[in-house]
Amino acid sequence: MAQYDVIIIGAGPGGYVSAIRCAQLGLKTAIVEGRETLGGTCLNVGCIPSKALLHATHMLHEAEHNFADMGLKGKSPSVDWDQMKAYKSDVVGQNTGGIEFLMKKNKIEWLKGWASIPAAGKVKVGDEVHETKNIVIASGSVPSSLPGVEVDNDKGIVIDSTGALDLPKIPKKMAVIGAGVIGLELGSVYARLGSDVTVVEYMDAVCPGMDADVQRTFKRILEKQGLKFVMGAAVSGVETTKTKAKVKYALKKSPDSEEVLDADVVLVAAGRKPFAEGLGLDALGVKMTERGQIATNAHWATNVAGIYAIGDVIEGPMLAHKAEDEGMAVAEVIAGKHGHVNYGVIPGVVYTTPEVATVGATEAALKAEGRKIKVGKFMFMGNARAKAVHQGDGFVKIIVDAETDRVLGAAIIGPAAGDMIHELCVAMEFGASAQDIALTCHAHPTYSEAVREAALACGDGAIHS
Ligand code: NAI
């Protein structure tokens, strides 16, 4: 008799959510986690601590740039970096503690340690082998390395996103390799703290793959906030002394050039890669994709019976909420129900100020497909609430099918974009048209009115533009 119905490996958002849903569905469930605390990368060294630092430094930015204008006079606050990090750690502690509570509440056993899979139906943690009918691998991802660049978070000169959350002091000059989500979020944090931040990016636009309009506006706004960019530049290596670093890169337009950027700290934010080390997947014969992800079918099953995988370790966007959805869906599948994830409606959010949020197809991708579309755009300059909070820069853009008016995608750059995008996600899930959104009463004065205006712009026109 197996001890468990399901053992989940990894307690990040994919794993712990899956464990809760398994328990809710009556499955005897355990979760394996080797970290001291639950919550994985997201809660411990990712989404949550970075959001605490983004919030704190946004407050600082407001005090320095907008308070006087609103009649709030006085000296700007000074930064107590150790206290800011303590606040961040406290936020992390509250959240990881919350997950531990949820595990207990749902009677999910936490097997502490790092797991390996000696055979299907067996999970080894420490010296103990546990028997289980099903295994869900939710082991996540780790920062990708770059050739010629050695990350050492302890030294604190060449760091990854984990190191950037705990720097001993605020650097004078920071170089960021990669203008993706991590580079721009953490680059923003340090720029607001007074560092001179230069982002070096291989592509010609920030956040590759995002709506081109948003990319341009986003970069312009970040530049206004003090971030500098070197675009079209491939980093080939980083040299360090005891206290400083030199980032070497070649510009794509002159590949033989060798440019150098001096910095006190270099943040490497050039992507993440799936993490499945130590699980013994090779010996089990688990099929992998060419990009090193665990290959799964439409039900998150690997080629080995009884072993499933979800989240960053399989294909798809490396996003906590995508992992959570898969975690719930795979639990349903294991319980003999019908788990489903709509990969066409997974929002992406960058938590800078302004926030950036996207969902569905981009205008460029639909045009490349030859699809007939209409685009409705509304600038936050025409939104009373946004102007009242110094956030009139940015827009909402909705892309619809030209014939049916059905919403196919959306992009928002502006205040609370990460929350507002969900109106469009729900619209897409329900197959709504832009007219459905336009005919829905939106409270005034809210940022969400800009969504309605963009929907109106898909038809006869927005009111306030
Ligand atoms: P990313 O894939 O978003 O961006 C990496 C950037 O580095 C790309 O623009 C790439 O062109 C550039 N790059 C790569 N090699 C380079 C080189 N040698 N020289 C110059 N530029 C180079 O990866 P990022 O920002 O590290 O994030 C990793 C993952 O974590 C992503 O999948 C992201 O979605 C996820 N994440 C999501 C967050 C959110 O949802 N808010 C927050 C943080 C991470």
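This is a predicted model: local features need pLDDT of at least 70, side-chain atom pairs count only at pLDDT 80 or more; totals for chains, interfaces and linings use all residues.
The domain assignment of this protein gives domain 1 (3-143 + 273-334), domain 2 (158-270) and domain 3 (348-457).

**Domains**
- The C-alpha centres of domain 2 and domain 3 lie 29 Å apart, and the contact takes 17 residues from domain 2 and 16 residues from domain 3.

**Ligand surroundings**
- The ligand is surrounded by 22 residues, of which Ile182, Glu201, Val235, Gly271 and Val349 are the closest.
- By class, the residues of this shell divide into 16 nonpolar, 3 polar and 3 charged.
- The elements that give two or more residues to the shell around the ligand are α6 (181-192) and β12 (233-240).

**The parallel sheet**
- Five strands form an open sheet with parallel pairing, in the order β8-β15-β9-β10-β11.
- The edges are taken by β8 (158-159) and β11 (228-230), each of which has a single partner strand, so one side of each is left without a neighbour in the sheet.
- Within this sheet, strand β9 (residues 173-177) and strand β10 (residues 196-200) pair in the parallel sense over 5 bridges, and methionine 174 stands opposite valine 197 in β10.

**Backbone features**
- Most residues other than glycine have a negative phi, and most peptide bonds are trans.
- The peptide bond from threonine 353 to proline 354 is cis, with omega near 0 degrees, and proline 354 lies in the loop between β18 (348-350) and β19 (355-360).
- Histidine 444 and proline 445 are likewise joined by a cis peptide bond, with omega about 0 degrees, and proline 445 lies in the loop between α13 (434-438) and α14 (449-457).
- Tryptophan 300, although it is not a glycine, has a positive phi of about 65 degrees, and this tryptophan lies in the loop between α8 (281-284) and β17 (307-309).

Notes:
Residues are numbered from 1 along each chain as its sequence is written. Side-chain values use heavy atoms; hydrogens and water are left out. A residue is near a molecule or strand if one of its heavy atoms lies within 4 Å of it. Helices (H or I, at least four residues) and strands (E, at least two) are DSSP runs, numbered from the N terminus. Ala, Val, Leu, Ile, Met, Phe, Trp, Tyr, Cys and Pro count as nonpolar, Asp, Glu, Lys and Arg as charged, and the others, Gly among them, as polar. Two strands pair if DSSP finds at least two bridges between them. Domain bounds come from an automatic or database domain assignment. Contact means heavy atoms within 4.5 Å.
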